Amino acid sequence: MRQRLREWFRNSSLATKQFIYLVLVFASLFSVLAWNNLRDAEDAVREQVIGDSQIIIDRTNRMLDAYIETIMGCLMLIENSRELLLGDDDYEIRKALNEFSKMSTMVKTLYFIRSDGVVLSNKQGLTEALGNPELLRLASELPPDSYALQWSEPYYSPVSGRTVAFTLPVKDGFQRQVGIAAVEMDLDLIKTRLNEMIGSADQTFAVMTLEKQFVSVDLMSPLIPYVIESYQKKLSPSFTAQLASLSTGVSTVDGAELPLVAVKSASNKLSWSIISLIDERYFYTNIHKLNDNFRQAAIIWGLVLFACVWVMTRLITKPIRKLALKMDRAKDFAVVKPMHQEGSDEIGLLIQSYNRLLTRVHLLLKEVKESEESKKHYELKMLQSQIGPHFLYNTLTCISSLAKQQRTEEVRETIRSLGGLLQYSFNHAAQFVTLGQELEGLRMYVQIQKVRYGDEFEVYFEVPGSLLECRMLKLTLQPLVENAIYHGISARSGGGVIRIAARVEHGVLKLYVMDNGVGMARDCRRPWLKPRSSGSGDREGNGSRAFHSIGLVNVQERIRLHFGTEYGLRIASLPGAGTTVRITLPLQRTGEQGTGSRKDEGEAYGGS
């Protein structure tokens with residue numbers, strides 16, 4: 001059975017194979033990815049919310065510590081005003097208490113309780129009308145030798161409502177207690193601030209003293225379980241016991257409906273603990289959304305999978321079969337290194353046809369390569385056979401004339417230049433040369449031409465020494481200088497100047513051949529770069545091109561043949577102003593090659 005199933009799968013269509021493979025891979029990867037992402041997202045949300053709660057609790061503790069510092073400041077101001085307190089002017093004392101109470105919004109009521117039991121406050125009318133027995137009890141329980149700040153457990157004050165009292169003994173100059181300064185704290189303001197920082201639909205808080213009494217708790221939150229006594233909401237006793245037994249850190253308690261995550265902080269200066277209560281469902285709200293997204297993505301991917309298989313069957317496999325049938329018609333060539341064929345599906349048929357086509361492609365590539373090599377070899381041989389008989393005849397005539405005039409040194413120099421030029425031109429091993437070698441060959445050619453024409457022209461080289469090792473085609477500059485002499489300078493009365501320059505721009509080598517000859521109009525430039533028939537070149541002696549009849553056209557075609565159409569020649573010329581030919585070549589550096597000499601690479605190649 002397994003063998004038959006394997007055989008069926010191997011011979012089934014490409015669409016079937018891809019569908020089975022995609023379904024298995026997609027189902028496996030998607031399941032693992034969805035499970036891991038859900039778990040990671042749950043842990044990340046949980047850690048983020050708990051971390052945010054801990055940060056908020058730490059800020060709240062710092063806020064409470066700042067409030068305590070403010071309250072202590074108020075009490076210290078009262079203590080430092082003992083001269084006023086020891087006086088008999090009750091009005092001034094109440095006035096001072098009223099000013100001190102404005103130091104902080106956390107101060108609900110400020111008191112000074114004399115040793116004789118007289119109570120003065122910033123709310124004197126309410127104090128006398130309602131009294132404050134709990135505050136008097138706290139003052140009476142304060143040890144007479146006490147010097148430290150003390151605070152009470154939460155209690156109800158007729159003047160301040162639910163509050164916490166802070167007391168500080170006031171001594172005279174002989175360290176005798178003359179009274180007690182007391183502050184009742186505004187717990188409602190603490191509750192408001194905590195609601196702003198912590199409270200939300202999914203999160204609430206509770207503040208508990210060291211004696212397990214609650215300073216503040218949001219009984220309006222739906223997360224807090226409560227009971228109703230005397231028409232008032234109170235915390236559920238079981239919930240109170242759970243909070244009282246919590247340790248510092250993260251715990252779980254039973255809330256009004258579902259478990260709550262409790263984050264309890266370390267104690268602050270008051271030894272109070274702030275407990276942040278978070279609905280556990282909050283962690284899974286976004287997780288459920290993510291789960292729904294994965295479920296929707298699975299459905300969409302399933303539909304896309306079916307659509308892709310259908311499209312592949314209709315638009316890919318059928319054309320492949322047709323292509324295989326067309327390629328199969330090439331049966332006249334032997335197979336060269338065929339690909340291994342497995343199965344008989346569409347890909348197998350394509351491989352079979354490809355093996356037949358591969359032989360023909362290799363043969364064609366081989367023929368094209370041999371043709372290109374032959375073309376380049378023929379072109380080089382053609383270039384090396386361009387020395388015309390008129391050039392040799394005129395040069396030898398000049399040498400004979402110099403010999404008759406017994407100008408021996410010039411005869412030697414001309415023969416040396418002619419020999420070097422012939423050797424440079426007929427060197428079969430050097431199709432590519434350096435810029436320095438090309439310039440050296442050009443110097444020999446210029447020397448021969450100056451023997452013939454005398455001082456009718458001057459040639460200057462402005463080539464940096466760092467570019468002398470750049471690689472270029474042989475006999476590129478010589479036809480351009482030849483054209484400058486015959487068609488530019490010789491047609492102008494009074495002689496002229498030819499300049500050879502080189503520079504690098506954006507990684508491209510640019511050579512310039514510039515003359516101040518007669519120039520030419522725009523319409524006359526175009527024929528110089530158009531291909532010409534082999535019989536269109538004129539002979540020397542009639543103002544035509546000599547030595548090399550290839551001209552600008554052949555230089556242009558050689559450069560593009562070897563380097564591409566983005567390289568080649570550009571001509572700029574104005575009648576009466578001269579002509580500039582720019583040669584653009586790829587920047588390629590190489591060592592010394594072929595025949596000829598070169599200058600030191602560190603020096604500029606200049607002079608005439």
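Which residues of the largest nonpolar core touch the most other members? Select L435, L477, I498, I500, L511 and I559: they do, in a core of 49 residues. A nonpolar core here is a set of buried Ala, Val, Leu, Ile, Met, Phe, Trp, Tyr and Cys residues joined through side-chain atoms within 4.5 Å; buried means under 20% relative accessible area, with a 1.4 Å probe and protein chains only.

A quick word on what you're looking at: this is a predicted model, where local features need pLDDT of at least 70, side-chain atom pairs count only at pLDDT 80 or more, and totals for chains, interfaces and linings use all residues. Residues are numbered from 1 along each chain as its sequence is written, and side-chain values use heavy atoms, with hydrogens and water left out.

Now click L511. Leaving aside neighbours within four places in sequence, L511 is in contact (heavy atoms within 4.5 Å) with L435, M472, L477, A501, A502, V581, R582, I583 and L585. Apart from this core lies another, of 44 residues, including I78, F112, L270 and I274.

Next, color the open sheet of 5 strands, ordered β2-β1-β7-β6-β3 with antiparallel pairing. Strands are DSSP E runs of at least two residues, helices H or I runs of at least four, numbered from the N terminus; two strands pair if DSSP finds at least two bridges between them. β2 (119–121) and β3 (150–151) are at the edges with a single partner strand each, so one side of each has no neighbour in the sheet.

Zoom in on β1 (107–114) and β7 (177–185): 7 bridges join them, and V107 stands opposite M185.

Last stop: A96, in helix α4. A96 is buried, at 15% relative accessible area, and its C-alpha is 8.9 Å from that of L84, 12 residues away along the chain.

Definitions and conventions
Buried means under 20% relative accessible area, exposed over 50%, partly exposed in between (1.4 Å probe, protein chains only).
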